[in-house]
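Q: Can we go through this model together? I'd like the overall make-up before the details.

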Amino acid sequence: MVRVTLYRGVVLMIILVESVYLTVVLRQLALVEEHCDPDNQHPHKGEDTRILPQPTIYVITPTYRRNTQMADMTRLAQTLMHVPNLHWIVVEDAERTSQVVEELLERTGLPFTHLCATTPDEYKNQKLMGRGVFNRREGIRWLRENVFHGVLYFADDDNSYDIRLFQQIRTTKKASVFPVGMILSLGISSPIVRDGKVVGFHDGFQAGRKFAVDMAGFAVNLRVLHANPQATIPTRLSYLEDGFLRNLRLELDDLEPLASGCTQVLVWHTKTHKPGTPSLEHVTHTDFDTNLVGLYRNILR
Ligand code: UGA
Ligand code: MN
């Protein structure tokens, strides 16, 4: 009798220990699943974001060769270098990628993809042709083929970005929107937010646009891009952003206002002043034995 009771006691003890062990394992598995789910990767307030996986931001930058290119691209590169979990997709408006841009990308230490695309001949003489369309499209093509989770942002090479913007767009669920400074006649372009919802756009160019935003004024979750495999950027000047967001079948209700409910400016539509064009012809032959030859060789590369 004593032996049976003892035996029962031992079995009960084993069952108890096993249940505690199973509970702990299940709790751990639930935590792992929570962190692996891309929908759940938004750090909660007060949490240490360094230990949680964060969605990657894929920044597409169209760029083209001109006097101001290196100044603009260096400023942008050194802004993006401050942002964790960012992949930079630079698409040159050219037949082939250039050595100078490749070297700049390598210097950043960022994960990057360097592509190129030109405007097809039939569009070249089109009057109302938007800038940077076909190279942005090439960036989108690469994303569709290679990446499934993350957030897309179009960063033109000449704008100025506050790095706080990137931390905010990282949690974009569908599409986020925010003000852009130094735009057109109003000097600002912003979503109009009422009771936390986007109800329209404060922008100097309405012209029938459903989404009167600048290219720098929105970010999109890649899920939306994949859910709309045909969505592309139209070519018509001033309608690139509106067309793209319409093609993604977004509604005003889907838009998440950032930058403290669109009361702050975290990106500016700056334009770099165009200087004269450097040429070796500007160096007199008496200076051919000086640094000027090497300097011009570098800037004309
Ligand atoms: C405004 C918007 O901010 C752009 O996002 C939009 O593409 C453009 O209008 C348009 O609709 O055409 P804006 O400052 O006037 O931009 O244009 P740029 O800064 O000259 O060009 C926009 C981007 O396209 C830049 O990153 C630029 O490097 C690139 N780009 C421009 C090319 O790749 N190829 C070009 O021939 C010209
Ligand atoms: Mn610009």
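This is a predicted model: local features need pLDDT of at least 70, side-chain atom pairs count only at pLDDT 80 or more; totals for chains, interfaces and linings use all residues.

Q: How many helices and strands does the chain have?
A: The chain has 10 helices and 12 strands.

Q: And the contacts, what share comes from residues 24 or more positions apart?
A: Such pairs make up 71% of the chain's contacts with a separation of 6 or more.

Q: What about the accessible surface of the chain?
A: It comes to about 17500 Å², and carbon and sulfur atoms account for 56% of that.

Q: Strand 4 and strand 10, parallel or antiparallel?
A: Antiparallel, with 3 bridges joining them. Tyr153 stands opposite Ala219 in strand 10.

Q: Now helix 8. Why is it described as largely enclosed?
A: Because 6 of the 8 residues of helix 8 (residues 240-247) are buried, the rest of the structure largely encloses it. The buried ones are Leu240, Glu241, Asp242, Gly243, Phe244 and Leu245.

Q: What covers those buried residues of helix 8?
A: The cover includes helix 5 (133-146), strand 4 (151-154), strand 10 (218-221) and helix 7 (222-227).

Q: And what follows helix 8?
A: Arg249 follows helix 8, and its phi is positive, near 55°.

Q: Switching to the metal. Which protein donors does the manganese ion (ligand 2) have?
A: Asp158 (OD) and Asp158 (OD), lying 2.2 to 2.6 Å from the manganese ion. Water is not among the atoms, so the site may look incomplete.

Q: Where is Asp158 in the fold?
A: Asp158 is in the loop between strand 4 and strand 5 (160-161).

Q: Last topic, cysteines. How many disulfides does a search of the whole structure find?
A: The search finds 0 disulfides.

Q: Is Cys262 buried or exposed? And what about Cys116?
A: Cys262 is buried, because its relative accessible area of 12% falls under the 20% cut-off. Cys116, with 24%, is partly exposed.

Definitions and conventions:
Residues are numbered from 1 along each chain as its sequence is written. Chains are lettered from A and ligands numbered from 1 in the order in which they are written. Side-chain values use heavy atoms; hydrogens and water are left out. Buried means under 20% relative accessible area, exposed over 50%, partly exposed in between (1.4 Å probe, protein chains only). Helices (H or I, at least four residues) and strands (E, at least two) are DSSP runs, numbered from the N terminus. Contact means heavy atoms within 4.5 Å. A disulfide is a pair of cysteine sulfur atoms within 2.5 Å. Donors are N, O and S atoms within 2.8 Å of the metal (3.2 Å for Na, K and Ca); water is not among the atoms, so sites may look incomplete. Accessible areas come from the Shrake-Rupley method with a 1.4 Å probe; for residues, only the protein chains shown count as cover. Two strands pair if DSSP finds at least two bridges between them.
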